[in-house]
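Student: I am new to this structure and would like a close look at one part, namely its charged side chains. Could you take me through them slowly once the model is in view?

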Amino acid sequence: YWARSPPAFVLRIKFLKANWFEICYYSHVFVAYLTLILALVARFDVFYPVLPGWCIYFMDRLYDRVVCTDHVDLVEKKIFARSQMGVPNSMRLRFKPKNNKVAVRAGQWVYLQVPEIDHTWHPFSLASATSDSLVDLHVGVVSNEKDWKVVRSNGTESTNRLSKWESKSKTWTYRLFQLVNKRSPVVKAKIMGPYGWSFTSCFDPKFGGAVVIGAGTGLTAAESVLRETIYRRKQGLKTPEKVWFIWSCREVDDLLWCWHNLLSLLVDTCVDKSISVDSLCKNSNMLDWLGVSIYVTRADNFVLQDFISCSSSIVKLDSPRDSKSELEIGNGRSLIEAKVKEWLLSRIIQGSLTDKDTHISRFLNGCRGVLDASKNASRNGLSVCYCGPSGLAFTIAESVKLCKGDRDTAIEFSADHQ
């Protein structure tokens with residue numbers, strides 16, 4: 001809990017703020033091992049029954065290190081900006097496993113270790129589908145926007161947009177950003193996993209529709225499920241007839257995590273005819289068989305409208321060492337992209353899944369109405385899958401119960417929220 005929600009005083013101390021995750025991680029490990037050793041030394045006759053459990057624990061750790069750990073190389077990178085000023089916000093990193101030990105399934109997560117930075121394992125949700133040969137991760141650059149400045153190669157502050165960005169907050173993700181943001185970065189890393197249960201009911205053709213909800217760190221997992229759904233449809237595999245995806249973001253910065261990749265994925269899918277755009281109109285709720293809704297819960301209205309208005313522009317910030325490093329705000333490459341983007345922008349909703357006017361129960365009832373009106377009445381079952389904060393999980397579970405009725409309904413949560 002403390003690692004996810006640090007106390008207020010931690011945020012005021014620069015060193016603690018930058019290294020809070022590592023402090024929590026190593027302090028937990030130290031206390032656990034120290035407690036075991038002291039217990040066995042002081043009262044072995046009392047605590048020896050716990051030894052089998054600890055043996056299982058050590059065998060499990062050994063299995064993770066030997067069987068589930070693979071060396072990977074960075075082969076593709078994209079760095080995204082949080083504003084037209086070009087302040088780095090997040091990174092999309094794609095790694096190639098050397099021994100193909102990482103058997104990816106949609107909705108899972110892995111641990112990432114970059115020895116050049118430190119030997120701490122950091123958890124990240126997978127954005128890859130089962131068919132992908134690369135491990136796709138989205139990493140947010142954790143640093144206060146006010147701490148960023150543009151500097152020349154000699155280290156002096158500058159307003160030249162062709163110079164590189166530096167931050168006072170030396171967090172682990174910022175150090176990874178520095179490592180990645182080079183002309184030809186050679187990033188040697190290790191990946192351990194994957195972990196967690198993958199969703200299954202959202203791919204089951206016995207259901208007429210599926211609703212996949214991603215919030216917080218679950219945004220990436222939801223994208224993984226979307227990629228898997230599109231892949232299965234391209235392969236001619238049966239899936240639910242209608243699929244709705246919901247992304248719930250707190251701020252516009254969080255929206256940037258999924259926006260670029262979501263837009264690119266939908267455009268590519270429309271180009272290869274897996275999704276038809278012929279009947280698409282701006283006010284439509286569906287893009288052929290796919291529905292997308294993006295909720296932004298805490299964004300200032302001015303900031304949100306600014307994002308929408310500038311989403312068709314591109315910001316490039318070329319480092320002296322990396323002429324290919326792009327900090328993207330949007331794209332306008334084709335007529336199809338313009339049409340899809342216009343529709344996707346109309347699907348951004350300022351509100352949350354718990355607000356009265358935008359409550360998740362209203363959304364689910366709407367999905368039920370679409371299925372009931374479909375020609376195939378025998379397939380009106382609904383699958384609901386959720387990955388995100390546990391607080392919202394209770395609301396979703398109650399809403400599913402309310403709209404269930406006597407029809408087939410399945411609900412799945414990520415392993416953290418079952």
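Student: Does Lys168 count as buried, exposed or partly exposed, and at what relative accessibility?

Tutor: Lys168 counts as partly exposed, because its relative accessibility is 49%, where buried means under 20% relative accessible area, exposed means over 50%, and partly exposed is what lies in between (1.4 Å probe, protein chains only). Before going on, note that this is a predicted model, in which local features need pLDDT of at least 70 and side-chain atom pairs count only at pLDDT 80 or more, while totals for chains, interfaces and linings use all residues. Residues are numbered from 1 along each chain as its sequence is written, and side-chain values use heavy atoms, with hydrogens and water left out.

Lys168 sits in the loop between β7 (164-167) and α6 (172-180), helices (H or I, at least four residues) and strands (E, at least two) being DSSP runs numbered from the N terminus. Together with Lys14, Lys149 and Lys170, Lys168 forms a patch of positive charge on the surface; such a patch is made of residues with over 30% relative accessible area and no salt bridge, like charges being joined within 9 Å and nonpolar side chains (Val, Leu, Ile, Met, Phe, Trp, Tyr) within 5 Å.

Other charged side chains do have partners. Side chains of opposite charge can pair when their charged atoms come close. The whole structure holds 10 salt bridges, each a side-chain nitrogen of Lys or Arg within 4 Å of a carboxyl oxygen of Asp or Glu. One of them joins Asp73 to Lys188, at 3.2 Å from N to O. Because Asp73 belongs to strand β1 (residues 69-81) and Lys188 to strand β8 (residues 188-195), this pair ties together parts that are 115 residues apart in sequence. Lys188, at 46% relative accessibility, is partly exposed.

A further salt bridge runs between Asp136 and Arg94, whose closest N and O atoms are 3.7 Å apart. This pair, too, links distant parts of the chain, with Asp136 in strand β5 (residues 135-140) and Arg94 in strand β2 (residues 88-97), 42 residues apart. Asp136 is buried at 1% relative accessibility, and Arg94 counts as buried at 16%.

Within helix α7 (residues 218-234), Arg232 and Glu228 are separated by about one helical turn, because they are 4 residues apart, and their side chains meet in a salt bridge of 3.0 Å, N to O. Glu228 is buried, with a relative accessible area of 3%, whereas Arg232 is partly exposed at 25% relative accessibility. Finally, salt bridges with shared partners join Glu76, Arg92, Arg94 and Asp136 into one network.

Key
Areas by Shrake-Rupley, 256 points an atom, 1.4 Å probe, with all protein chains shown as cover. Lys, Arg positive; Asp, Glu negative; His and termini not counted. Charge placed at Lys NZ, Arg CZ, Asp CG, Glu CD.
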